[in-house]
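Here's a quick tour for anyone opening this one up for the first time. Have a look, then read on for the main points.

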Protein chains: 2
Amino acid sequence: MVEESARAPARTRLLDAAEELFYERGIAATGVDSVLRRAHVAPATLYAHFAGKDHLVAAYLQRRHERWWDVWDDVLERCGDDPVRRALSVFDALAELGSRSRTGRGCAFLGAAVEITDPDHPAHAWLVTGNRLLTDRLRELAAGTGALDADALAAELLLLYDGELAAGRRRATGGSPPPSVAVRDLAAAAVDRHRRAG
Amino acid sequence: MVEESARAPARTRLLDAAEELFYERGIAATGVDSVLRRAHVAPATLYAHFAGKDHLVAAYLQRRHERWWDVWDDVLERCGDDPVRRALSVFDALAELGSRSRTGRGCAFLGAAVEITDPDHPAHAWLVTGNRLLTDRLRELAAGTGALDADALAAELLLLYDGELAAGRRRATGGSPPPSVAVRDLAAAAVDRHRRAG
DNA sequence: GTCTATATGTCGATAGAC
DNA sequence: GTCTATCGACATATAGAC
């Protein structure tokens, strides 16, 4: 992933390069030139595959989303029918994603949401979609636990999830990195609490 | 704050305009031109007050940090000596800040940390400083509660704080806004738990 | 599809008068 | 300190040959 194989298709090399650079340095701060150089691709080739930088950004987010979703699906499958394990799966998936992709700078979607404010941006739809899929699934999993107030539990899980992701960005900021916290344990406690009382 | 008084000093008008635009649309996406137009200030005047856009960004972050810190100090003073109230003060301050400044798009520092990746950027020091002051104070307040593991409690408070701030950004992304959660109650529970057992 | 070379717009910053 | 006018650099995107 660090060195794009020169034999891979240009489109793949472009996406690999874009992913690294957009994630690491930010989207606006990354010029198309940098992507081209890293991918060993000529300008015209990029515009043969993507309508423009904005669409490359959209493809980057789509890819990132699909990878995250695949990981979560895998984890979820391994959970079987245990409703509590399923509700906590998002944190297991988070840990597994960290070992597969670059996550040192926090959540890619959170970062993109900061930089992309125009609703007409081609990538904006992926931000909204990712948002909805996440909240819907959390609600569904929370309801599966038999929690008295499933929406409240889902909101708590989302809070912990966001906190963990934001912390990633905070650590990348430098200075003294704050200590990690066992977020999965906190989530487990939340699930337990909601199963007992409303 | 929406309409900069034309009588205010140029520097103030610039900072007001910069704060609104940087926060609302992002730093990189905001051209110097936009700031100048909104502030009713001529280009040369900006560069008479600031060494460049980067330094305007730094001043923006400094101002934002100081306002946040002032609010938190006020809240903290009203807490008296009650260690639990003091440990939870950050969430009260967050609520109060929301009524004083624009917070609809989440944490300004989190956003800036996404866009500013160069350690040599003039604003980078404020990111690091803000980080350290926050974590130090949380640790201090956590220790004041008599928690058995103050560092762990501080980490939990930070997690909830980050989660709440990230959620703000998520809500701004559009789509179906996730329900808010009573983050202060969760924090209170965390404090309580840490006071009882390690 | 891929290349080299180039057009076009925008942004940050400055010059020089007042 | 403030203005008007403008420069120079860079980034996105395209033209035209292969």
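Let's start with one contact between the two protein chains: R170(A) makes a salt bridge to D162(B), with 2.7 Å between the closest N and O atoms. Keep in mind that this is a predicted model. From there, we can look at the rest of the chain pairing and then at the DNA.

**Where chain B meets chain A**
- In total, two salt bridges are counted between chain B and chain A.
- There are also seven residue pairs in polar contact between these chains.
- On the side of chain B that touches chain A, the elements giving two or more residues are α1, α6, α7, α8 and α9 of chain B.
- α8(B) gives the most to that side, with 14 residues.
- That side of chain B splits into 19 nonpolar, twelve polar and 13 charged residues.
- About 3500 Å² is buried between chain B and chain A, and carbon and sulfur atoms give 64% of that area.
- V114(B), L159(B) and R170(B) supply 20% of the area that chain B buries against chain A, more than any other three residues.

**Around DNA strand D**
- DNA strand D is surrounded by 16 residues, and the closest include V32(A), Y47(A) and A42(B).
- α3(B) brings the largest share of the surface near DNA strand D, four residues.

- A polar backbone atom of K53(A) sits 2.8 Å from a phosphate oxygen of DNA strand D.
- The side chain of H49(B) has an N or O atom 3.1 Å from a phosphate oxygen of DNA strand D.
- For the side chain of Y47(A), the distance from an N or O atom to a phosphate oxygen of DNA strand D is 3.2 Å.

Definitions and conventions: Residues numbered from 1 in each chain as written. Chains lettered and ligands numbered in written order. Predicted model: local features only at pLDDT ≥ 70, side-chain atom pairs only at ≥ 80, totals over all residues. Heavy atoms only, no water. Buried area = accessible area lost by both parts, 1.4 Å probe. Salt bridge = Lys/Arg side-chain N within 4 Å of Asp/Glu carboxyl O. Polar contact = N/O pair within 3.5 Å; in protein donor to acceptor, adjacent residues only side chain to side chain. Nonpolar A, V, L, I, M, F, W, Y, C, P; charged D, E, K, R; others polar. Near = heavy atom within 4 Å.
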